[in-house]
2 protein chains.
Amino acid sequence: MTLVSVQDCRRAAQVALEGAGVDVEAAQLQTDLLLDAELRGVPSHGFLRLQRIIERIGNGVADARTRGSHHWRSDSFLSVDGQQGLGPVVAQHAAEVAGARARQTGIAVAAINHNNHIGMLAWYAEAIAEAGLVAIILTTSEALVHPFGGSVAQLGTNPIAIGVPTEAGPFVIDLATSLVSMGEIHDHAHRGAKLPEGWALDAEGQPTTDPNAAKHGAIAPFGAAKGYALGLGFELLVTALTGAALGRAVTGTLDAERPSNKGDVFIVIDPLSGQGAALSAYLETVRKTRPMPGFDAVIIPGERGRARKAARLSAGIELADNVWANMQKLRDAALAEKEAP
Amino acid sequence: MTLVSVQDCRRAAQVALEGAGVDVEAAQLQTDLLLDAELRGVPSHGFLRLQRIIERIGNGVADARTRGSHHWRSDSFLSVDGQQGLGPVVAQHAAEVAGARARQTGIAVAAINHNNHIGMLAWYAEAIAEAGLVAIILTTSEALVHPFGGSVAQLGTNPIAIGVPTEAGPFVIDLATSLVSMGEIHDHAHRGAKLPEGWALDAEGQPTTDPNAAKHGAIAPFGAAKGYALGLGFELLVTALTGAALGRAVTGTLDAERPSNKGDVFIVIDPLSGQGAALSAYLETVRKTRPMPGFDAVIIPGERGRARKAARLSAGIELADNVWANMQKLRDAALAEKEAP
């Protein structure tokens with residue numbers, strides 16, 4: 001691991017993206033999403049992904065210039081053709097437009113297809129809640145998760161994020177319906193560590209504790225049959241609203257060559273006023289719950305990530321050596337290109 | 001257990017409710033909700049609850065006549081004061097009105113407070129999907145679930161239901177964010193069976209396998225920290241939209257005396273047309289996934305309940321002896337009252 005300052009990370013990503021033809025503002029946004037994941041301790045959604053984004057631009061399956069094409073199907077339903085834009089550029093624009101509409105009509109949905117990977121959902125949920133609105137965000141992905149009792153990956157990791165404004169600031173949850181992320185499988189492989197039992201199947205559908213075998217197999221849903229039901233429900237709901245591909249037909253969230261055909265859904269709601277203090281007080285009560293045996297404290301979701309972010313903003317970020325080496329390479333190549341006559 | 005015909009169950013509940021002052025149509029709806037739960041194998045939401053509903057009417061905390069008071073906060077946001085009406089009467093009316101609006105504006109939300117227990121969410125999700133719309137339904141309850149790592153119940157069982165129309169009919173999931181229902185704890189107590197480890201805490205916050213101790217304690221969230229995050233997210237989201245009470249301040253979903261102050265949220269969305277065939281084909285692919293070792297088949301959520309319902313509609317329903325005895329008592333008392341001069 002290498003400790004890198006936030007400033008150096010940010011500049012490397014920004015320069016690399018601009019070198020790939022992304023304009024300043026879009027590069028800032030994409031960088032911010034990746035950086036925020038690193039700051040909060042979600043490296044699977046961090047700078048690890050920078051190279052693939054740049055490769056996808058080079059391969060013509062990520063368009064650095066579009067913000068997506070908007071079509072209001074009806075007053076509160078925005079259909080967005082992402083036109084293979086950069087995930088955060090298309091998604092943030094759609095979320096803002098849907099948020100503005102939600103202030104008028106009470107609730108609005110942005111249903112996005114043909115958009116690249118939008119990164120950590122918590123980022124959007126926090127921004128929406130910060131603006132005083134409630135968010136429910138869903139996105140699908142390539143099939144990585146097996147059905148409960150099934151031997152083959154048929155579902156995306158299908159996360160949900162919820163953001164709710166409270167007096168003490170945004171409350172945010174963001175969780176995949178898989179038991180773990182493929183990033184955690186890769187991390188175990190990298191460290192030569194075995195997987196806990198029950199995490200994954202190999203390519204033949206047999207339970208495995210070998211992370212290298214699991215890479216070609218499937219991850220379990222979280223919470224057994226219930227997590228599977230949720231993941232399946234989100235997969236169907238997203239496609240019903242976006243027309244996205246389903247299950248094993250989904251491409252473009254992990255590879256560098258194929259168009260992205262998953263879907264993103266942002267539901268934005270204008271909440272009742274005057275609830276913020278009650279929500280904050282309740283969270284404080286939950287936080288102060290006496291821990292059960294074996295636990296030190298009750299954690300409010302999102303708060304550990306926020307504390308990590310505060311610490312890392314000043315102390316810097318521990319990046320895997322190869323991730324930082326690669327960022328420097330991408331940065332230096334962009335700088336050399338720029339200085340070339 | 002006693003095998004009772006659907007007709008006899010239905011008539012007993014209908015007569016008992018009408019005897020309590022519920023009009024014919026509302027009694028049919030309330031009966032249908034309870035019956036449907038029995039048919040699908042969810043007795044915790046079945047006729048077990050009939051007596052408490054009738055007691056609540058008698059105690060003035062359930063109003064057999066109101067359908068709730070509607071206020072459009074904005075074009076797509078319906079605020080409903082349930083006026084302590086019967087849960088299904090208020091909720092079904094609100095869901096229908098929100099559904100009609102969703103056909104115009106694309107998406108609408110009904111946010112309901114001061115409403116009695118609405119029963120099995122799957123019933124509404126199926127009806128909405130049957131009508132060609134997508135549903136996301138949330139409801140809160142009295143605090144029965146402890147935070148992950150916490151020793152005291154602070155959250156409701158906070159279920160979510162999702163309904164999506166497909167070519168082959170409605171796809172429906174309906175799951176509590178608790179690991180099990182309080183009904184299952186009571187069922188173990190009734191049978192003198194121990195609880196599996198990890199299900200529950202006693203009143204002192206210690207892990208217990210004694211169902212009688214668990215009744216006064218707390219149930220675990222499903223899926224550890226993730227299920228806890230979801231349950232907490234739903235609790236906050238519902239209150240942000242409805243102004244409902246939170247955590248241990250919630251009353252009226254289990255007792256017979258106190259007003260109900262939890263919240264119900266129905267989000268109804270008009271989906272893209274033309275997705276139904278792709279959704280059905282995907283579900284068929286998931287169903288046919290080769291089972292993993294130790295499993296016979298991959299189950300699509302909701303389908304076992306539907307199969308049970310089909311069988312029980314002709315064969316009748318196995319009711320716990322005391323539940324059926326009680327229904328007969330309530331029916332006979334209503335009939336005697338009616339025939340009294």
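Modeller: The account below begins with the interface and then turns to the sheets and salt bridges around it.

This is a predicted model, in which local features need pLDDT of at least 70 and side-chain atom pairs count only at pLDDT 80 or more, while totals for chains, interfaces and linings use all residues. Residues are numbered from 1 along each chain as its sequence is written, chains are lettered from A and ligands numbered from 1 in the order in which they are written, and side-chain values use heavy atoms, with hydrogens and water left out.

Chain A is superposed on chain B by a rotation of 180° with 0.0 Å of shift along the axis, at an RMSD of 0.0 Å (least squares on the C-alpha atoms of residues with pLDDT of at least 70 in both copies). The two copies are thus related as by a two-fold rotation axis. The residue of chain A that comes closest to this axis is G223(A), whose C-alpha lies at 1.9 Å. Both copies use the same surface, since 100% of the contact residues of chain A recur in chain B.

In the interface, 80 residues of chain A are in contact with 80 residues of chain B, contact meaning heavy atoms within 4.5 Å. The size of an interface is often given as the accessible area lost when the parts come together. Here about 6300 Å² is buried between chain A and chain B, and carbon and sulfur atoms give 74% of that area (accessible area with a 1.4 Å probe that the two parts lose on being put together, summed over both). K226(A), L236(A) and Y282(A) supply 11% of the area that chain A buries against chain B, more than any other three residues. Between the chains there are 29 residue pairs in polar contact, both residues at pLDDT 80 or more. A polar contact is a pair of N or O atoms within 3.5 Å; within protein, one must be able to donate a hydrogen and the other to accept it, and residues adjacent in sequence count only if both atoms are side-chain atoms. The count of salt bridges between chain A and chain B is zero, a salt bridge being a side-chain nitrogen of Lys or Arg within 4 Å of a carboxyl oxygen of Asp or Glu. Helix α8 (residues 224–242) of chain A gives the most to the side of chain A that touches chain B, with 15 residues; helices (H or I, at least four residues) and strands (E, at least two) are DSSP runs numbered from the N terminus.

Over all chains the structure holds 26 salt bridges. One of them joins K309(A) to D36(A), with the closest N and O atoms 2.7 Å apart. This pair links distant parts of the chain, 273 residues apart: K309(A) is in helix α10 (residues 303–315) and D36(A) in helix α2 (residues 24–40) of chain A.

Chain A also has an open sheet of seven strands in the order β2-β3-β4-β11-β5-β6-β7, with mixed pairing; two strands pair if DSSP finds at least two bridges between them. β2 (69–74) and β7 (169–175) of chain A stand at the edges with a single partner strand each, so one side of each is left without a neighbour in the sheet. Five bridges join β2(A) to the antiparallel strand β3 (residues 77–85) of chain A.
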